[in-house]
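Take a look at the protein below. This report walks through some of its parts, one stop at a time.

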Amino acid sequence: MTSIYKSTTPTTSTFQSSKYNPQLIEGVATVLIIGSGGLSIGQAGEFDYSGSQAIKALKEANKKTILINPNIATNQTSHSLADKIYYLPVTPEYITYIIERERPDGILLTFGGQTGLNCGVALDRSGVLAKYNVKVLGTPIQTLITSEDRDLFSSALKEINIPIAESIACETIDAALDAAETVKYPVIVRSAYALGGLGSGFANNAEEMKQLASQSLSLAPQILVEKSLKGWKEIEYEVVRDRVDNCITVCNMENFDPLGVHTGDSMVFAPSQTLSDEEYHMLRSAAIKIIRHLGVVGECNVQYSLQPDGLDYRVIEVNARLSRSSALASKATGYPLAYTAAKLALGYTLPELPNPITKTAVANFEPSLDYIVAKVPKWDLSKFQHVNRSIGSSMKSVGEVMAIGRNYEEAFQKALRQIDPTILGFQGSDEFGDNLDEALAEPTDRRVFAIGQALMHENYTVDRVHELTKVDRWFLFKCMNIVNMYKELEKLTELKQLSKDLLQRAKKVGFSDKQIAVSIDSAKINEFDVRKVRKSFGIVPFVKRIDTLAAEFPASTNYLYTTYNATKNDVQFDEHGMLVLGSGVYRIGSSVEFDWCAVNTAQTLRKEGKKTIMINYNPETVSTDFDEVDRLYFEELSYERVMDIYELENAEGCIISVGGQLPQNIALPLLENGCNILGTSPVDIDRAENRHKFSTILDSIDISQPEWSELTSVQEAKKFAAKVDYPVLIRPSYVLSGAAMSVVTNESELETKLTLASDVSPDHPVVMSKFILGAQEIDVDAVAYNGKVLVHAISEHIENAGVHSGDASLVLPPQHLSDAVKKNLKDIADRVAEAWKITGPFNMQIIKDGDKPLKVIECNIRASRSFPFVSKVLGVNFIEIAVKAFLGGDRVPEPVDLIMGKKYNYVATKIPQFSFTRLAGADPFLGVEMASTGEVASFGRDEVESYWTAIQSTMNFEVPLPPSGILFGGDLTKDKLGKVANIISPLGYKLYVTSEEAKRYLEKHIAEKAEIQIIEFPKNDKRKLRELFQKYDIKAVFNLASKRAESTQDEDYIARRNAIDFAIPLFNEPNTSLRFAEALKAKIPEKVRILNSKETIIPPEVQTWEDFLGFKAD
């Protein structure tokens, strides 16, 4: 393998020595960085962090950076980082257009997740990189191919006698069935070139194997059948190598869950806790041997399975790119892996880079930790109907948290609380009933609570739980320490019995004030009472630095955590900075958009001369990058912890409105206990969050809203529904089954929802409102100062009201609103800002139903998920204006109207990114509950072009080209499906339906006579279904059902679900279906011409963000 680096011989060049003379790669002035696109399960915010770090490293080396990433909510897609930004699909096709247009010298493929890596391999194979002489920086492309192709990988490891799980590569279902017989069941199936274990799973018999192989082969060209080693320990090493063969292992991690659960869905601890010195060094030596043999330059992740009672091990896989684990390892150790990998890609060697912790020694060192890090995944499975809740080799979690403690118990309990504010720490749950053994044996998103229930309430022994779960006994004995503390606390009957010693010991094993209160007597004692007692005893947390030199040398990081297992603080509290509360864990409804808001808040505060303190615990974020703020606390966003830090730091103030809903939830208690909250008062925020207060104020300022009522019985609910007429929207305040908001169309449905899904009573009222059918929804994002609007944006939803705003496609500037409507919307924003005395950001959702008065359906007095979108599309940073409003005085800018009378010669469309592929069984149907995990956005000269580019930017979207087949189905009582078919019919596609009735319906709606074929649907046979989709070359599905499927036998559900499982574009909402049909009509001829051309023709949408705006926005 020839190297792009001139020399691979070690030198004596070291950082801060007279011999410092880095031999950097020659002829590279401009570098193209491949981003990862919309956030999805398996590929989330960690690539915003790693890409941002890479860009910082390249800028330091005076390289010009070009970034392709359609994820407009990210930090990396800001001009403060990249020089040029393309909001375009991350596909080989569009990267080729950018290479043709920009002629970069080098390309970075390992910072954009699996998407970036796959694109790089495709560009190499098609000869594009060679044609344009683009150098692949860092790990060579052949190494990437070897690590991804299972046969090549297996051969490479055999050459150096490293054991891997016996596996057979297969390209057909029959070959997979034969392979399973050879290696013997149980087996694991893995997809090559797939992300986060996508398309992988376990099979115990031929029937399961057939189903699994058919789905996996529709997602990847090759699958691997391996003997399952379920129950072995899973261990990971993060390894770094430079071009001259210096190697270090930065971090090793151990999964709490044994092999069988994807590492992204497992609880993970760093450093490893149960390995002997012999095991640790055996796996470390193997990792270094592997990375050297493969020729990785940069960072690499090696995953092992280790025999629990011996020294046998297997390599599971090697990721020769930045991964989720490397983001976690960076945050766990303070060693910036992505930044270092980018520097190494340019040709620096490890001794030539400064140690990030001491700033004086070199980066060629292995961190040693004097603390424990716990990572726990966040799942949101309860949001989906028919979803399979078991977790296995294919990842399902939407985010993760990281906690730091001085012992296992402290870190573990902190991490569990970070997942959700309703969790107290390690605890049980009575949801399992008689199925506790099953809940322990079969991993699900709730298994940790089954372990808690077994040890805490059902008197299971550690041995019994170990037998059922195969979780190492060491972890379970540590959990028992927490159980024993619960038992000690439960013996107390009142707070005055709580001694200083017991309280101190409880805090040392990670108990929160609220947890202690609940353990003693939740009816009489709350966390504020415990806090008072704790402070009277002088028990407060200590602040420690992340010190990866285990206190052997002075560390100088601003990267901090709190602990009760210490005797002194590592920092002086003399900065009195401004506290910014981050977004916490990524979940459906709160994602990277809020990280962008938090980072921009900190950056603006620094520009305004303020010291900044960030609190956040999400390892995937840029806000937890320690060079973004003056002090970073990797800590809980609970009232207790925020108040601890506020008091210790004697902070100047606290910003709670840029991190989504989590900081809002604690705003009122913070204010009531003396915290100086910047911006809108939490008292006024509460007047918007509380439905009663909110509606009363809207009435008083003469703003319309849908009719609503708060009801305390099913009888009252029926009366209200009869009065306003169905459909109605219900929001239970106390939810049992995870079903929250829903639209109800008749009385029997209402009864079912209110009796089965939630408990309706005077204690738990339900809010019901009239649901307006067929109305247009509009988003207004704005910033105000002392009740006066400074700046606002109006975005139209393509979908009608009824699809959650987070799942809607937004268009900005608005294309179909009259000046009178825009003026009316601005007037509503003015009146709301004044009534709630808003200072800072706010967002409203408004319904337009024909010519009737506009109705406000929601108002959030905080930054919304569309703030990055509107800021980047209009070229004005809304968060920067909000921060200046917080600070007040002469910093506050003059109001400016970006909508009325402004002419924009471009349109941007923001489109949701769904992860239904990952969620086996979930019905891909859109409703009032949000289901998307991320977003993408693209610009265009008009709304059709911007939609066309944006929809291609969603993950694995392939444009159907004529004469492929399109399958139609859904509600035949409305004309929407017919309109779509009528537009598509003349374009040369084959049209298919599954019933005679659907065929007659389409014939009625299509103007020119077209051939429509009926195909027979094998409902319960995945393999036959796949063969059917292949036989008829079905490349898109339009399924416009009017409501969710009642059962999994519903034909429309099967069409929708299998489109997802076979990676075929699915359109399941009328307005976006129509928009896509219009885009096909406008763009398909051009697309076909470009694809068939011998020359590289660049389509008109291939322009930079700056080209569209006409100036360089911040």
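## Strand β20 and T612

T612 is found in strand β20, which covers residues 612–616. This is a predicted model. Is T612 buried or exposed? T612 counts as buried, because its relative accessibility is 1% and the cut-off for buried is under 20%.

Which residues touch T612, apart from its neighbours within four places in sequence? The contacts are M578, A602, L605, R606, V629, D630 and R631.

## Confidence and domains

The average pLDDT of the protein chain is 92. A score of at least 70 is reached by 97% of the residues.

The chain is divided into domain 1 (30–145) and domain 2 (166–228). How far apart are the C-alpha centres of domain 1 and domain 2? They lie 31 Å apart.

## A parallel sheet

Five strands build an open sheet. Their order is β3-β2-β1-β4-β5, and the pairing is parallel. Which strands stand at the edges? They are β3 (84–86) and β5 (135–136). Each has a single partner strand, so one side of each is left without a neighbour in the sheet.

Strand β1 (residues 30–34) pairs with strand β2 (residues 64–68) in the parallel sense, over five bridges. I33 has L67 in β2 as its bridge partner. Strands of a sheet pair through backbone hydrogen bonds.

## An enclosed helix

Helix α11 spans residues 337–345. Eight of its nine residues are buried, so the helix is largely enclosed by the rest of the structure. The buried residues are L337, A338, T340, A341, A342, K343, L344 and A345.

What covers the buried residues of α11? The cover includes the helices α1 (46–60) and α10 (324–333). It also includes the strands β4 (106–108), β10 (233–241), β11 (247–255) and β13 (298–306). Just after α11 comes G347, with a positive phi of about 115 degrees.

## A buried loop residue

L275 sits in the loop between β12 (268–270) and α9 (277–294). Is L275 buried or exposed? L275 is buried, with a relative accessible area of 15%.

L275 and E254 are 21 residues apart along the chain. Their C-alpha atoms are separated by 8.8 Å. E254 is also one of the contacts of L275, leaving aside neighbours within four places in sequence.

## Salt bridges

Side chains of opposite charge can pair when their charged atoms come close. How many salt bridges does a search of the whole structure find? The search finds 76. One of them joins the side chains of R292 and D245, at 3.4 Å from N to O. The pair links distant parts of the chain, 47 residues apart. R292 is in helix α9, while D245 is in the loop between β10 and β11. R292 counts as partly exposed at 39% relative accessibility. D245 counts as partly exposed too, at 30%.

R473 and E467 also meet in a salt bridge, at 3.9 Å from N to O. R473 is partly exposed at 33% relative accessibility, and E467 is partly exposed at 48%. The side chains of R531 and D644 form another salt bridge, at 3.1 Å from N to O. R531 lies in helix α19 (residues 527–536) and D644 in helix α21 (residues 639–649), so the pair ties together parts that are 113 residues apart in sequence. Both R531 and D644 are buried.

Strand β28 covers residues 788–800. Of its 13 residues, 11 are buried, so the strand is largely enclosed by the rest of the structure.

Strand β27 (residues 776–785) runs antiparallel to β28, and nine bridges join them. V780 has I794 in β28 as its bridge partner. β27 and β28 form a hairpin with two residues between them. In the turn, N786 has a positive phi of about 50 degrees. β28 also pairs with strand β29 (residues 810–812) in the antiparallel sense, over two bridges. Here E796 stands opposite V811 in β29.

Notes. Residues are numbered from 1 along each chain as its sequence is written. This is a predicted model: local features need pLDDT of at least 70, side-chain atom pairs count only at pLDDT 80 or more; totals for chains, interfaces and linings use all residues. Side-chain values use heavy atoms; hydrogens and water are left out. pLDDT is the predictor's confidence in each residue, from 0 to 100. Domain bounds come from an automatic or database domain assignment. Two strands pair if DSSP finds at least two bridges between them. Helices (H or I, at least four residues) and strands (E, at least two) are DSSP runs, numbered from the N terminus. Buried means under 20% relative accessible area, exposed over 50%, partly exposed in between (1.4 Å probe, protein chains only). Contact means heavy atoms within 4.5 Å. A salt bridge is a side-chain nitrogen of Lys or Arg within 4 Å of a carboxyl oxygen of Asp or Glu.
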